[in-house]
Amino acid sequence: MPVVYLKKRISDRVLNGHPWIFNNEIEKWDDEVPENRVVEVFTYDKKFLGRGYINPLSRIPVRLLTRDRNEKINETFFLNRIRKCWEYREKLGYVENCRLVFGEADSLPQLIIDKFNDYFVIQTLALGIDIWKTEIVKALNTIFSPKGIYERNDVPVRELEGLPQQKGFLSAPFNTQIVIRENGLRFNVDIENGQKTGYFLDQQDNRRKINNIVKDADVLGAFCYTGTFEIHAAHYGARSVKGIDISDGAVEQAKKNAALNGLQNVCQFEAANAFDVLKQWSKEGKQYDVVMLDPPAFTKSRDTIQKAITGYKEINLRGMKLLKPGGFLVTSSCTNLVSPELFLQIIDMAAKDARRKIRQVTFQTQSSDHPVIRGIESTWYLKFLIVEVS
Ligand code: SAH
């Protein structure tokens, strides 16, 4: 098997468990890149570090799959790993829907699998994992006998690996408009054309957190996508709920979802740019009991981090101004480069500028089917905060 030797001076990151090896950490590799892309990695002094997959074209040429010398990378490896992923989720109480595989956090770098009851959506975001797609699909068939498997590899990050963007069936074709259940509610999920894998499972535990604060409340939800938080608010007893999203398609789905749950009289959805309307409505003096914000990631690059900070501050400031004294702001950030500490600082700045006092009710991360591994920063990405605003 081809062997990769690391340089003498490399950061402790890899030795401490991070699976990525950057090109400036590699001293040399012996032999041609094999067809299955699997290589063995050794330190400069020839100590075995692990086995991983290689793509010399990538800025991260090697990603480790195992540190166990006895573990071979083959069909059985993927079957066992995915089985373990499912056992873990089951233990945590997930029954129907969950992120079954969360890449690096499940020691399957760059592999994402979302389980929507009997349907599965896959993303293989690096060449070295893409090659094993057939074995991964086989494993899903063995463990779950699914009704359908779909590939949502229409993501730009694949191009960094020399991979095309593509989507399509990895099983017999099926109707990609499905309905899932969450917290006693039902939601339409568009597997083929919805955002990302079709549905944001990472907020599924957090959506329950609004249960008490929305009772009899007038609620505004910005960046609502298909209305999941908003429909939860109505279900938990809100008096009125307004949801806005910039995408007409998302708003249509949100309306369908409200009707699916018989909550169309409480929920109203509208296509609008949140940056514009939050500003306009706060100027007009509109007031709500609860404001919820769940924007998309504002940046993926350190070069534009300041712009992201400004964006978060702006919407949270506007959100606070729209709240009655004693109201609640429910605010999220999925920008990986905005750390939890930085996010809290931004919220503090927004409160100061809005001349409001805040008290923290809840501060947590993504739902536990997306595990966080200390030392792998990319696994701890979601910030979910509820504050009382007086
Ligand atoms: N809360 C949702 C997920 C939101 S994803 C859930 O739990 O399912 C972020 C959403 O923000 C996307 O639907 C996107 O269309 C929307 N969006 C992006 N920019 C926007 C803007 N300027 N104004 C309003 N919505 C925007």
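User: How far does a polar side-chain atom of Arg207 lie from an oxygen atom of the ligand?

Analyst: The model is a predicted one. In it, a polar side-chain atom of Arg207 is placed 2.9 Å from an oxygen atom of the ligand. The side chain of Gln195 also has an N or O atom 2.9 Å from a ligand oxygen.

User: And what about Phe223, how far is its backbone N or O atom from a nitrogen atom of the ligand?

Analyst: That distance is 3.5 Å, from a backbone N or O atom of Phe223 to a ligand nitrogen.

User: Which residues come nearest to the ligand?

Analyst: There are 17 residues around the ligand, and those that come nearest are Arg207, Thr228, Asp245, Ala274 and Asp294. By kind, the shell holds 10 nonpolar, 4 polar and 3 charged residues.

User: Changing topic: where does Asp114 lie, and is it buried or exposed?

Analyst: Asp114 belongs to strand β8, which runs over residues 111–116. Asp114 counts as buried because its relative accessibility is 0%, and the cut-off for buried is under 20%.

User: What does its side chain join in a polar contact?

Analyst: The side chain of Asp114 makes a polar contact of 2.6 Å with the side chain of Thr197. Beyond its neighbours within four places in sequence, Asp114 touches several residues, including Cys98, Arg99, Tyr119, Phe120 and Tyr199.

User: Why does Gly221 count as buried?

Analyst: Gly221 is buried because its relative accessible area is 0%. Its place is in strand β14, residues 218–222. Setting aside neighbours within four places in sequence, Gly221 is in contact with Glu230, Lys242, Gly243, Ile244 and Met292.

User: How far apart are Gly221 and Val290, in sequence and in space?

Analyst: They are separated by 69 residues in sequence, while their C-alpha atoms are 8.3 Å apart in space.

User: One last item: how many residues does helix α9 have, and what span does it reach?

Analyst: Helix α9 covers residues 305–321, which is 17 residues. From first C-alpha to last it reaches 24 Å, close to the 24 Å expected at 1.5 Å a residue.

User: What do the buried residues of α9 pack against?

Analyst: The buried residues of α9 include Ala308, Tyr312, Leu317 and Met320. The partners of its buried residues are helices α8 (274–284) and α10 (340–354), together with strands β17 (288–293), β18 (323–333), β19 (358–364) and β20 (383–389).

Notes: Residues are numbered from 1 along each chain as its sequence is written. This is a predicted model: local features need pLDDT of at least 70, side-chain atom pairs count only at pLDDT 80 or more; totals for chains, interfaces and linings use all residues. Side-chain values use heavy atoms; hydrogens and water are left out. Helices (H or I, at least four residues) and strands (E, at least two) are DSSP runs, numbered from the N terminus. The expected span of a helix is 1.5 Å times one less than its number of residues. Buried means under 20% relative accessible area, exposed over 50%, partly exposed in between (1.4 Å probe, protein chains only). Contact means heavy atoms within 4.5 Å. A residue is near a molecule or strand if one of its heavy atoms lies within 4 Å of it. A polar contact is a pair of N or O atoms within 3.5 Å; within protein, one must be able to donate a hydrogen and the other to accept it, and residues adjacent in sequence count only if both atoms are side-chain atoms. Ala, Val, Leu, Ile, Met, Phe, Trp, Tyr, Cys and Pro count as nonpolar, Asp, Glu, Lys and Arg as charged, and the others, Gly among them, as polar.
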